[in-house]
Amino acid sequence: MVTPANTISSPINDKDNNSPVYKNNAESRSAVLKTDKHCVIIGHSIDAITTATVMVSLGNQVSLYANQEELQRTLANYTFEHQQQALWQLYLNQQSIVVQSIPAHASDLFEQGAANLYWLFHSDLPAAWQQTNDSNRPTWVTQLNESRVPSQTPVILSGIHKLGTFAAIAEYCQRPWVYYVPFVFLQDGSAYPSMLSPKLWLMGEKTPDSLDKIGVLQPLIAQAQQSYISDIATIEFSRSAIMSMLATRVSFMNEWSRLADQQGVDIQEVANIMGLDARIGSSYLKAGWGFGGQTLPAEIKALQQTLQHTQVAHSLMQAVSLINDDQKELIFRKFWQYFDGAIEHKQVSIWGASYKSGSGRTSEAAIHPLLRLLWSYNITTHVYALEAESELAALYPDQPLLKFISTPTQQLIDSDALFILSWPDTKRLPINAINEVVVPVFDAQNAFSKTQIQSLTGDYQGIGRSK
Amino acid sequence: MNPTLPSQLPQWQKLQQLAQHPWSLTQLFADQSDRSRKFSVTVEGIYFDYSKQCLDQNVKEALIELANACDLKQKIDRLYQGDKVNSSEDRAALHTALRLPKTAQLSHQGVDVVAEVHDSLEKAAVMVDRIRNGIWRGYSGKAITDVVNIGVGGSDLGPVMTNTALDEWADSTIKVHFVSNMDGTQLGSLLERLNPETTLFIISSKSFGTVDTLSNAQTARAWLFSTGASQATLLRRHFIGISANPERVSAWGIPEDHQLKLWDWVGGRFSMWSAIGLAVAIRIGNKRFNEMLQGAYAMDQHFAQADFEQNLPVLLGLIGVWNSSFLEINAHTVLPYDGRLKYFPSYLTQLEMESNGKSVTHEGQPVNYATCPILWGEIGSNAQHAFYQLLHQGTQKVSCDFIACVNYYQGSEAGELKHQHALSLANCLAQSRVLAFGNDALAPKPDQAVSDLDKFKRYRGNQPSTTILLDELTPRSFGALIALYEHKVFVMASIWDINPFDQWGVEMGKQVANEVFAHIHLQKSPSTQVEATDTDFDSSTEALLQHINKKIEE
């Protein structure tokens, strides 16, 4: 039974904001008991929220147990996920999704034992749940094993951890129907459709050939362009290998971009040529400031944690990481060299801040090292990044050198340089406005086309390309 | 009328008489069961055991009487308040001001010394943060990865020693290197491994005229200029100058805002607390560096305030005087049983021998007593396999300082290392015991047969030693330890009436080197070209020069 202390007891049905509608215990129980397709989802990340929405779309009733503050933060940070947000609000209003505070002890949640499916987003679980005992078994697993949750109820795990983590957890679970679903399909800016019709669906199963036990996921598998089911360890390994390969391609191109600079070749054009080779393909070949966001950096970190306890040589992945870290400040160095180090007290405009255009997230994005370096030289930074503005404002509340601008060209006339970090592919670059002030452009995203570069009257420096 | 030499004081003569006593450590311990309690002091986490010195309460009291007769207390006060205790150079020696807290007050010649010191330390701290945080950039915009400290003597030995001692507090990935050799050996091999884009040089020289330092600095500058980058940018982004002579630093090419100040009232060998410690602060951070200063300040306070009977630096200094001037022990060895203090003996060779290797009084009168003994040292456990043979069975009397840390490897995963540390401590105590008591240290077994080898196994014993135990080595305790030895030097100099703050003995060699340099037929850079003058060298030097020039010309 969920204890009253662990639930929010003030039902708010405010249609004008995106706040989750919280239910008290009695209400939530009556809501969830209406259906026999009841899923319990535990987590607060965009993966968990998207899953809740998709599961309701597939005809399920969802109880989402989440850290309320984190959940609010996620919702606030992903306002750019328009479809996801609209459906979320709709389902809350319909009470198809009921949000409850995650209890301090897993046993309080599992005690109820009424759901038809439990889906746990492992990175979102409270520390007390993840605490391991002597045999390295997380507390929540022990409490699940001791709970009234029928052993035939399927449990799905998701998240990024050291290799073998989920396979081990599945073994600890004293139940046959345990699955692992890595979110390799989720795309920022289109979270909901990318899960509903995934490009690649991977799933690990503890018990071979047990797909029929989670019929609720069948529509997703059926919609997937590609899908593969295997044992959990293999799927974990494959997830890590896929992500590491993508990261490697990015760092490879970024390393080559430096050679391109030295040779006077446009790396963007080279990437286009490479993409023509079917053996290579065109994805993840764009040189820029590196990779950020949550997934790839988390994956590389998890891999490093796996490798550091082994004797397996991993110089390639170390290099991938080093190149990526260094790449994030490469554009600063180009700016530095342009002014021969005399950069103190300048003013610059920066277009874009998120880790990819269209996203409002700046996690592991180049904006942070760039701002830190610019501010350390007393440079005023005029940032145009509408989606990411609230996140930056929250991160740097007391930084007088951080100024937000509502239009990209607002401060160009006063700027000594223009940085491009994240400019949407679909939006036209205001070349004429740049040319009016003849400001040097430092394009960390390689957002400018070759023609656009040629049309600039001022100087241009990209990553592996220049005017 | 005051006697002109301290040896003419009745207190000195009393000690001379006491020194005639056939001092036996075995007997002293036999006579006094609580000797270790009576002859030990604990201050600032330092347990100081001098019970294995050849002295008793009478000697201790007589030494303190001598200290009083030599106005030691007044001399300490004069030192601290900035009087010109460096008489031959007419300067103060205010190294204690370098670790005064910001709230302290001290003015020297109308200047607020505390404010000056803290301005310099704060300027250094800003540089340290910028370097450590990757904000300080080289000419190409890359962050600094390597710092090379170019200096010699006090601009090298102190930072090198501290950097090694406090390495476990180093929390920066920036590597710090030290270059001092005039011949370029260190710098040459180092430059092969370094990237000019990411290397920063600290040029430390109080006068900014030391040929050793400037020759290395010039090589470093030429190495950077060979990159082809703008020389102004290279000088601005790759050099920090630390000196008491800003005009020379500016003339050399380092911009003013990358200069850190020294003062003529700080001797080089006492300067590691100032900006000279910049390389150390880069490794361990400003917080730890300040903790080191606080430890030194705590020892300063103790030195200034504690009664002589319980005053660590006073006792250490007086014991040094007793051994050298009265017991005629002309050699002293420092034996840290801790690898972190590897360079401490080298540091002390300069601190003690350059300070007190003097033979005239403040008034220039020759002394008629032994002053500073020859000092050397090594990590104790290594020295056991090197020169301990001489300590145990040689013909020389040698006094020793054993230094160890009680706690080490506090981490739970350090089981084997803790075992090694305990082994090291055991050896430290065992060696001081054997040195003190010789064969008596080991009780003979009743049925032990007498062997022909016994005459070679004879341990004479009676080598006096002090054992200094630090609770643990931290920046603070390390600062206190160094300050302890600085003040020991001052105590000894105060008794001997010599000036510990000048070093005229190293000057003449520099002058003669300039003359000789001009006669070596090597192609020299324009800036080092010296016109050879007609000089009458001795026949040995003439022959050596001829040999060198002949080989060069071949």
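**Reading the packing, sheets and domains**

Modeller: Let us begin with a helix pair: helix 11 of chain A and helix 14 of chain A are oblique to each other. Angles under 35 degrees count as roughly parallel, over 145 as roughly antiparallel, 65 to 115 as roughly perpendicular, and the rest as oblique. This is a predicted model, in which local features need pLDDT of at least 70 and side-chain atom pairs count only at pLDDT 80 or more, while totals for chains, interfaces and linings use all residues. Residues are numbered from 1 along each chain as its sequence is written, chains are lettered from A and ligands numbered from 1 in the order in which they are written.

Biologist: At roughly what angle do the axes of helix 11 of chain A and helix 14 of chain A cross?

Modeller: Two packed helices are described by the angle between their axes and the distance between the axes. Here helix 14 spans residues 315–327, and its axis comes within 9 Å of that of helix 11 in chain A, crossing at roughly 55°. Axes are lines fitted to C-alpha atoms, for helices over the stretch in contact, and angles run from 0 to 180 degrees between N-to-C directions. Helices (H or I, at least four residues) and strands (E, at least two) are DSSP runs, numbered from the N terminus.

Biologist: Is the crossing of helix 11 of chain A and helix 14 of chain A left-handed or right-handed, and which residues of the two helices meet?

Modeller: The crossing of these two helices of chain A is left-handed; that term applies if the near helix is turned anticlockwise from the far one by less than a right angle, and right-handed applies if clockwise. Helix 11 of chain A brings A:Ser244, A:Ala247, A:Thr248, A:Ser251, A:Asn254 and A:Glu255 to meet A:Leu316, A:Met317, A:Val320, A:Ile323, A:Asn324 and A:Gln327 of helix 14. By class, the residues of this contact are five nonpolar, six polar and one charged. Two residues are in contact if their C-beta atoms, placed from the backbone, lie within 7 Å. Ala, Val, Leu, Ile, Met, Phe, Trp, Tyr, Cys and Pro count as nonpolar, Asp, Glu, Lys and Arg as charged, and the others, Gly among them, as polar.

Biologist: At what angle do helix 8 and helix 11 of chain A pack?

Modeller: Helix 8 (residues 165–172) of chain A packs against helix 11 of chain A at about 160°, with the axes 8 Å apart. Helix 8 and helix 11 of chain A are therefore roughly antiparallel to each other, and their crossing is right-handed. The contact joins A:Phe166, A:Ala167 and A:Ala170 of helix 8 to A:Ile232, A:Ala233 and A:Glu236 of helix 11 in chain A. Its residues divide into five nonpolar, no polar and one charged.

Biologist: What is the strand order of the open sheet of eight strands in chain A?

Modeller: Strands of a sheet pair through backbone hydrogen bonds, either parallel or antiparallel. The order in chain A is 3-2-1-4-5-6-7-8, with mixed pairing; two strands pair if DSSP finds at least two bridges between them. Strand 3 (97–101) and strand 8 (226–231) of chain A are the edge strands, each pairing on one side only. The twist from one strand to the next averages 20°. Within chain A, strand 6 (residues 178–180) and strand 7 (residues 200–205) run antiparallel and are joined by two bridges. A:Tyr180 stands opposite A:Gly204 in strand 7 of chain A. Helix 11 (residues 232–263) of chain A lies across strand 6, strand 7 and strand 8 of that chain, at about 145° to strand 7.

Biologist: Which are the domains of chain A?

Modeller: Domain bounds come from an automatic or database domain assignment. Chain A is divided into domain 1 (4–224) and domain 2 (250–461), whose C-alpha centres lie 35 Å apart. Domain 1 of chain A gives 11 residues to the contact and domain 2 of chain A gives 14 residues.

Biologist: How many residues of chain A are in contact with chain B?

Modeller: Eight residues of chain A are in contact with nine residues of chain B. Helix 15 (330–338) and helix 16 (367–376) of chain A each give two or more residues to the side that touches chain B. Helix 15 of chain A gives the most, with four residues. By class, this side of chain A has three nonpolar, three polar and two charged residues.
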